[in-house]
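Biologist: I am new to this structure. Could you walk me through how to read its features?

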Amino acid sequence: MSDVLQKYLPARAVEPCFELIKANGVNLKIVNHRVTRHGDYRRLPNGMHQITVNASLNKYRFLITLVHEIAHLVAFEKFGRRIKPHGLEWKRTFQHLMIPFIRPEVFPSKLLPLIANHFKNPKASSSTDAHLAIALKAFDTVQQNDHSYVFELPMGSTFRLYNGKLFKKGQKRTKRYECVELSTGRIYLFQPNAEVELIKD
C-alpha cells in the first residue's frame, strides 16, 4: 500500500498517511475520475471502512481528500453516527488530523497560507474555498484548456456544464453568481471557481 501511495501523495505524506490508514482499518480504493466528488467514506455492511479517492487528483488535493474522508470515519467512531457529516465534530477531527501535514516539507510555500486559512474552519469540500481550489488547480498534471472558471466569464455569457446543461451568467450575490438555466429559466448559484465550458457566439 505504501508503494501505491507514493504515486498519489507528496513524498513526506506517504508514511503518515499509511499509518492513518492502518490505524483506522481503512480499505482504500483509488478510482477513476468522478465529476461530482473527489472522494467518499462508507461503512460497509460487514463493518469495514471503505474510502474511495479519485486517481485523477493532484498530490496535494489527493492528500486533503484522503484526510477529509478519514476524518469522517474517526469522527463517526468517536462521536457516533448521529453527528452531522460536516458538523463541528468532523471539522475539529479534520483539523487535528491535518495539522501534521501543514508544513513546507509537504505543501509548496505558495499553498501553505491558503491551506492554513482553510483549516481555520474547513468546509465540506475544498472546492467551495475558491482561492484554495484555484491555487490547487495549478498543480494538476492534466490541464483542461477548454474549461474556464465562472468568475472569469463576461457577464451575460453562455456556458455549458459537464452534464450538458446550458446557463447564462448573471450578477454576483455575495460570494456566488446567479446563473439562469436556459432550458427552464430557473436560477442557480455557482461558486466562482466552478469549471465550465464557455459557449462562443
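Modeller: Start with T174, which sits in the loop between strand 6 and strand 7. Keep in mind that this is a predicted model.

Biologist: What is the phi of T174?

Modeller: First the general idea. Most residues other than glycine have a negative phi. T174 has a positive phi, near 55°, and is not a glycine.

Biologist: Is T174 buried or exposed?

Modeller: The relative accessible area of T174 is 73%, so this residue counts as exposed. The cut-off for exposed is over 50%.

Biologist: How many residues lie between strand 6 and strand 7 in their hairpin?

Modeller: Two residues lie between them, and T174 is in that turn. Five bridges pair strand 6 with strand 7 (residues 176–181), in the antiparallel sense. In these strands, R173 stands opposite R176. Likewise, K169 faces C179 of strand 7.

Biologist: Which strand forms a hairpin with strand 6, with five residues between them?

Modeller: That is strand 5. The turn holds G164, with a positive phi of about 90°. Strand 5 (residues 158–160) and strand 6 (residues 166–173) run antiparallel, joined by three bridges. R160 is opposite L166 of strand 6.

Biologist: How do I read a sheet as a whole?

Modeller: The general idea is simple. Strands of a sheet pair through backbone hydrogen bonds, either parallel or antiparallel. Here, six strands make an open sheet in the order 4-9-5-6-7-8, and the pairing is antiparallel. Its edges are strand 4 (148–149) and strand 8 (187–190), each of which pairs on one side only.

Biologist: In what order do the strands of the three-strand sheet come?

Modeller: The order is 1-3-2, in an open sheet with mixed pairing. Strand 1 (26–31) and strand 2 (39–43) are the edge strands, each pairing on one side only. From one strand to the next, the twist averages 20°.

Biologist: How many bridges join strand 2 to strand 3?

Modeller: Five bridges do, and strand 2 runs antiparallel to strand 3 (residues 49–54).

Biologist: How far does helix 3 reach from its first C-alpha to its last?

Modeller: It reaches 30 Å, with 21 residues. That is close to the 30 Å expected at 1.5 Å a residue. Helix 3 is also mostly covered, with 16 of its 21 residues buried.

Biologist: What should I look for at the ends of helix 3?

Modeller: Take the N-terminal end, which N58 caps. A side-chain oxygen of N58 lies 3.0 Å from the backbone nitrogen of Y60. Then look just after the helix: there G80 has a positive phi of about 100°.

Biologist: Why does C179 count as buried?

Modeller: Buried means under 20% relative accessible area. C179 has 0%, so it is buried. C17 is also at 0%, and therefore counts as buried.

Biologist: How many disulfides are there?

Modeller: The test is a pair of cysteine sulfur atoms within 2.5 Å. By this rule the count is zero.

Definitions and conventions
Residues are numbered from 1 along each chain as its sequence is written. This is a predicted model: local features need pLDDT of at least 70, side-chain atom pairs count only at pLDDT 80 or more; totals for chains, interfaces and linings use all residues. Side-chain values use heavy atoms; hydrogens and water are left out. Two strands pair if DSSP finds at least two bridges between them. Helices (H or I, at least four residues) and strands (E, at least two) are DSSP runs, numbered from the N terminus. Axes are lines fitted to C-alpha atoms, for helices over the stretch in contact, and angles run from 0 to 180 degrees between N-to-C directions. The expected span of a helix is 1.5 Å times one less than its number of residues. Buried means under 20% relative accessible area, exposed over 50%, partly exposed in between (1.4 Å probe, protein chains only). A polar contact is a pair of N or O atoms within 3.5 Å; within protein, one must be able to donate a hydrogen and the other to accept it, and residues adjacent in sequence count only if both atoms are side-chain atoms.
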